[in-house]
Amino acid sequence: MPNSVPAVDVSAIPADATLLDVREQDEWDAGHAPTARHIPMGELVERLGELPADGQVYVICRSGGRSARVTQYLNGNGWDAVNVDGGMQVWSALGQPVVSETGSEPQVI
């Protein structure tokens with residue numbers, strides 16, 4: 001992705017941040033950050049009204065590619081969005097909390 005996409009390390013995300021997970025439903029179900037909002041990338045345009053109009057939105061996916069594209073889109077349409085470097089893979093590797101919707105041990109897929 002172009003260098004113009006603002007990004008942040010997982011460790012720099014504020015505890016009260018709006019974290020937007022743009023992965024697919026099966027990825028979300030397997031494991032996600034407990035406080036994240038889930039809007040799959042393919043549903044973003046029709047669900048923009050679910051995002052806060054003010055404050056930063058931290059966008060996360062599995063590794064950072066999809067979230068970088070969503071970050072660019074949001075910033076081009078009036079939001080203040082930041083891509084989470086390394087995505088859920090880094091989130092999990094750093095020991096950040098991950099929960100599952102399946103009843104199984106949470107995992108990042």
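Me: In which strand is the place of Asp-21?

Reply: Asp-21 has its place in strand E2, where helices (H or I, at least four residues) and strands (E, at least two) are DSSP runs numbered from the N terminus. Please keep in mind that this is a predicted model, in which local features need pLDDT of at least 70 and side-chain atom pairs count only at pLDDT 80 or more, while totals for chains, interfaces and linings use all residues. Residues are numbered from 1 along each chain as its sequence is written, and side-chain values use heavy atoms, with hydrogens and water left out.

Me: Is Asp-21 buried or exposed?

Reply: Buried means under 20% relative accessible area, exposed over 50%, and partly exposed in between, with a 1.4 Å probe and protein chains only. Asp-21 counts as buried because its relative accessibility is 0%. Along E2, Thr-18 and Leu-20 point one way while Leu-19 and Asp-21 point the other way, and all of these are buried.

Me: With which side chain does the side chain of Asp-21 make a polar contact?

Reply: A polar contact is a pair of N or O atoms within 3.5 Å; within protein, one must be able to donate a hydrogen and the other to accept it, and residues adjacent in sequence count only if both atoms are side-chain atoms. Here the partner is the side chain of Arg-23, at 2.8 Å. Taking contact to mean heavy atoms within 4.5 Å, and not counting residues up to four places away in sequence, Asp-21 also touches several others, among them Trp-28, His-32, Ile-60 and Met-88.

Me: What is the order of the strands in the open sheet?

Reply: Strands of a sheet pair through backbone hydrogen bonds, either parallel or antiparallel. Two strands are said to pair if DSSP finds at least two bridges between them. In this model the open sheet has five strands in the order E1-E5-E4-E2-E3, with parallel pairing, and its edge strands, E1 (7-8) and E3 (37-38), each pair on one side only.

Me: How many bridges join E2 to E4?

Reply: Four bridges join these parallel strands; Asp-21 stands opposite Ile-60 in E4, and Leu-19 has Tyr-58 as its bridge partner there. E4 also pairs with E5 in the parallel sense over four bridges, with Tyr-58 opposite Val-82 in E5. Because four of its five residues are buried, E4 is largely enclosed by the rest of the structure.

Me: Which elements make a right-handed β-α-β unit?

Reply: A crossover is right-handed if, with the strands pointing away from the viewer, the path from the first strand over the helix to the second runs clockwise. E4, H2 and E5 make such a unit. Helix H2 (residues 65-76) lies across E2, E4 and E5, running at about 170 degrees to E5; axes are lines fitted to C-alpha atoms, for helices over the stretch in contact, and angles run from 0 to 180 degrees between N-to-C directions.

Me: How many residues has the largest nonpolar core?

Reply: A nonpolar core is a set of buried Ala, Val, Leu, Ile, Met, Phe, Trp, Tyr and Cys residues joined through side-chain atoms within 4.5 Å. The largest one has 15 residues, and those with the most contacts inside it include Leu-19, Tyr-58 and Ile-60. Strand E4 (56-60), strand E5 (80-84) and helix H3 (87-93) each supply at least two residues of this core. A second, separate core of 13 residues includes Leu-44, Leu-48, Val-59 and Leu-74.
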